[in-house]
Protein chains: 2
Amino acid sequence: MRFSIPRNEFLTRLESVSTAVASKTVKPILSGILFRTAEDSKLELIATDLETSIKTYVQPSEISGTGQFVVDAKVLLEIMRNLPDGKVFFEFQDTNLVIRMEKSRFVLPTMSGEEFPEVEPAQGGWELETSVTALEIMIDRVLFCAAKDEFMRNLNGVYWELEGGYLRLVAADGFRLALAEEKTNQNLEDHFLLTLKSMKDLQSSIKTAGSDDMKIVYDGTRVGFYFDGTEMVARVVEADFPDYKKVLPKAFKTRVVANTSSLSDAIRRASIAARLGSDSIKIEIKEDNMKLIAKSPDHGESSEELEIKKDGEDLIIAFNPKFLLEATKKIDTEEVELNFVDSNSPLQMNPVDVEGYLYIIMPIRLI
Amino acid sequence: MRFSIPRNEFLTRLESVSTAVASKTVKPILSGILFRTAEDSKLELIATDLETSIKTYVQPSEISGTGQFVVDAKVLLEIMRNLPDGKVFFEFQDTNLVIRMEKSRFVLPTMSGEEFPEVEPAQGGWELETSVTALEIMIDRVLFCAAKDEFMRNLNGVYWELEGGYLRLVAADGFRLALAEEKTNQNLEDHFLLTLKSMKDLQSSIKTAGSDDMKIVYDGTRVGFYFDGTEMVARVVEADFPDYKKVLPKAFKTRVVANTSSLSDAIRRASIAARLGSDSIKIEIKEDNMKLIAKSPDHGESSEELEIKKDGEDLIIAFNPKFLLEATKKIDTEEVELNFVDSNSPLQMNPVDVEGYLYIIMPIRLI
């Protein structure tokens, strides 16, 4: 089996598929990528960590013979990244893959394609049409709020919810929550939870998508994402995401509108003492003024004042400044809205006059 | 004591002086910067880790009162980096430093200026005039070859040698050696050894120099570097640098000239199997051809061929590819010269037709 393919085109596909390769594994074959001849002179590339799998196709310039083999993803990527663009020649013979380009030559050991775990596609269930770009934006808006700790199984991922004609992504880590939604043109009602690893794989692999069409298929245990000739299948987490709607505040007593970048600068500077010390920033809202202040015994005091537009009551409340800052950075409107209930209730931060995403941040109790 | 100063100007000086601040220290005062009113309405800034010290001056827009205080370098840098350009107001009262700019306000605790260790300047001895740019280039050419291990006292730094009208820097780690020299207009004969930390401090602090004049003063135990109103004083290491001249090959049997970037690309690709595995690359020089090859049981084989100009004998020799690659990256001429004695002797790599710097790399014994 031989084939040749332009390096840049091949590298894009290789990078997309290799996001699913297991990073730490006791099964060596999972650190590899399966190559298999397919219909129409195409070549199938598959990677999996048994939880997420990605399959894509490349169209070689020339191909002869049929067969399959598994080759270490890291070495192959390293080679491809170090070659210039141009036609690369591959030859699979006995148990070796020989790669040539001009005066460069590589001989890689391979593993048997037959031992590569076959991943079942998501079958039956519903299908949803959406857009790669829309999904990319939603993932970016929520992913940073997911719990990083793998042992928090129900929070270490993103909750997908289809409801009332919307596709909604929700992530939370116990201190904050992010929600992003998009209208769909189907009226599906369902939900599932994907791990942070699956979400990151999805995020990386859709980055290289050359077209915007995306189809999502869910069969109750697996979700399939189909885009630009690539399919990613992720196993859903068997754990219950908390009832996030309980956390969403229903009525507010103080509504503040501020310039997003001024607020972000103010938080960044006012939290200098907090970042180096106590991890808490106090916010005092009084008339049309917001004062942000952090203190630490070793690093002194940092404070900022900010002009705001305010409706409702004055308020004193405290937060972990990192959570405020990370949420502010994702707000892409000129103005941001901060909605408060009281000093002990969560803050809702959202863009002004734009629906579709919001952040909930738990306050720190004032002593 | 009060003063005000434009933020950008102040930050440049602050970054230059803070390179000498002790990173890990049991004496809290060494993590600070001493501010002291000086002559001509200037302000002196000093930092030291007891081994290296840097003193510089800033010219405030306004200043009133006299005094001195020590303030934590990390907090101050964090504040300055987060403020926009514009006039910053400082007020030292009681034991606090208050910093204001528009609606930002910071109160920092200070330490007593009197407890700050006074650093003796290098006095007496010789003085040498040189250029900041020339020194910067020389440091860049040798520093990466210094041993990283602090316990290798005589190699964990850079050897300075004045000889025959040249200023020479030499660094070595037991596997390779770098040498860079510049003509001086004085005929001094002397040498000293500076730690890697002192060298890195020097490298960082001269980066911000606004003028090219540099004066070096050496009094037998301390070296002073004077540039652009800044003075850095470094204690010399009391250890003997090995007799490096013994390592420099005297006569060569094979001389190879190659295109520098082609050689660098070839090493990078041919060493893929080595980098992921055995850390050894074999070079076969035969007529006008150089073959580079690396093998690893798990990662296969990577090889390259390169056209070269050769004088002398054919040769087979092996190296750690990292050492070859790092040296090649510093060669800034189009062509590079590789001078070999035999398979078991060090390689000398140097630019073609440019005097002033060279690399010596020990081979790995072929099995």
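**View 1. Strand 14 of chain B between its two partners.** In this predicted model, L177(B) faces I360(B), a residue of strand 27 of chain B. That pair belongs to an antiparallel pairing in which 5 bridges connect strand 14 of chain B with strand 27 (residues 357-361) of chain B. Strand 14 (residues 176-183) of chain B is also joined to strand 13 (residues 166-172) of chain B, by 7 bridges and again in the antiparallel sense. Here Y166(B) has K183(B) of strand 14 as its opposite number. Strands 13 and 14 of chain B make a hairpin with 3 residues between them. Have a look at G174(B) in the turn, where phi is positive at about 95 degrees.

**View 2. An open sheet of 9 strands in chain A.** Moving to chain A, you can follow the strands in the order 15-12-13-14-27-26-25-19-23, with antiparallel pairing. Which strands stand at the edges? They are strand 15 (190-195) and strand 23 (309-312) of chain A; each has a single partner strand, so one side of each has no neighbour in the sheet. From one strand to the next, the twist averages 15 degrees. Within this sheet, strand 12 (residues 157-163) and strand 13 (residues 166-172) of chain A run antiparallel and share 5 bridges. E163(A) is placed opposite Y166(A) of strand 13.

**View 3. Two helices lying across strands of chain A.** Helix 7 (residues 321-330) of chain A lies across strand 14, strand 26 (347-351) and strand 27 of chain A. For helix 7 the angle is about 175 degrees, taken to strand 27 of chain A.

**View 4. Where domain 1 meets domain 2 in chain A.** The domain assignment divides chain A into domain 1 (2-115), domain 2 (126-245) and domain 3 (249-361). Between domain 1 and domain 2 of chain A, the C-alpha centres are 28 Å apart. Contact involves 15 residues of domain 1 and 15 residues of domain 2. How much area is buried between these two domains? It is about 1300 Å², with 42% coming from carbon and sulfur atoms. Three residues, T19(A), E51(A) and T52(A), provide 36% of the area that domain 1 buries against domain 2, more than any other three residues.

**View 5. Polar links between domain 1 and domain 2 of chain A.** This interface has 2 salt bridges. In a close-up of one salt bridge in chain A, the side chains of R13(A) and D228(A) meet at 3.6 Å, N to O. The two domains also have 10 residue pairs in polar contact. On the side of domain 1 that touches domain 2, helix 1 (7-18) and strand 4 (52-58) of chain A each supply at least two residues. Strand 4 of chain A makes the largest contribution to that side, with 6 residues.

**View 6. The contact between chain A and chain B.** Each chain brings 29 residues to the contact: 29 from chain A and 29 from chain B. Together the chains bury about 2600 Å², and 52% of that is on carbon and sulfur atoms. There are 4 salt bridges between chain A and chain B, and a salt bridge at 4.0 Å, N to O, joins the side chains of E307(A) and K103(B). Polar contacts between the chains number 14 residue pairs. Several elements of chain A supply at least two residues each to the side touching chain B, including helix 2 (73-82), strand 9 (104-109) and helix 5 (260-270). Strand 22 of chain A gives the most to that side, 7 residues.

View 7. The order of its 9 strands is 5(A)-1(A)-7(A)-8(A)-9(A)-22(B)-21(B)-20(B)-24(B), and the pairing is antiparallel. Strand 5 (62-64) of chain A and strand 24 (315-319) of chain B stand at the edges with a single partner strand each, so one side of each lacks a neighbour in the sheet. Neighbouring strands are turned by 15 degrees against each other on average, direction ignored. On the chain B part, strand 21 (residues 289-296) and strand 22 (residues 300-307) pair antiparallel over 8 bridges, with M290(B) opposite L306(B) of strand 22. Helix 2 of chain A packs on the sheet and touches strand 7 (87-93), strand 8 (96-101) and strand 9 of chain A. Helix 5 (residues 260-270) of chain B lies across strand 9 of chain A as well as strand 20 (281-286), strand 21 and strand 22 of chain B.

Key:
Residues numbered from 1 in each chain as written. Chains lettered and ligands numbered in written order. Predicted model: local features only at pLDDT ≥ 70, side-chain atom pairs only at ≥ 80, totals over all residues. Heavy atoms only, no water. Pairing = 2+ DSSP bridges. Helix = DSSP H or I, 4+ residues; strand = E, 2+ residues; numbered from the N terminus. Axes fitted to C-alpha atoms, helices over the stretch in contact; angles between N-to-C directions. Contact = heavy atoms within 4.5 Å. Domains from an automatic or database assignment. Buried area = accessible area lost by both parts, 1.4 Å probe. Polar contact = N/O pair within 3.5 Å; in protein donor to acceptor, adjacent residues only side chain to side chain.
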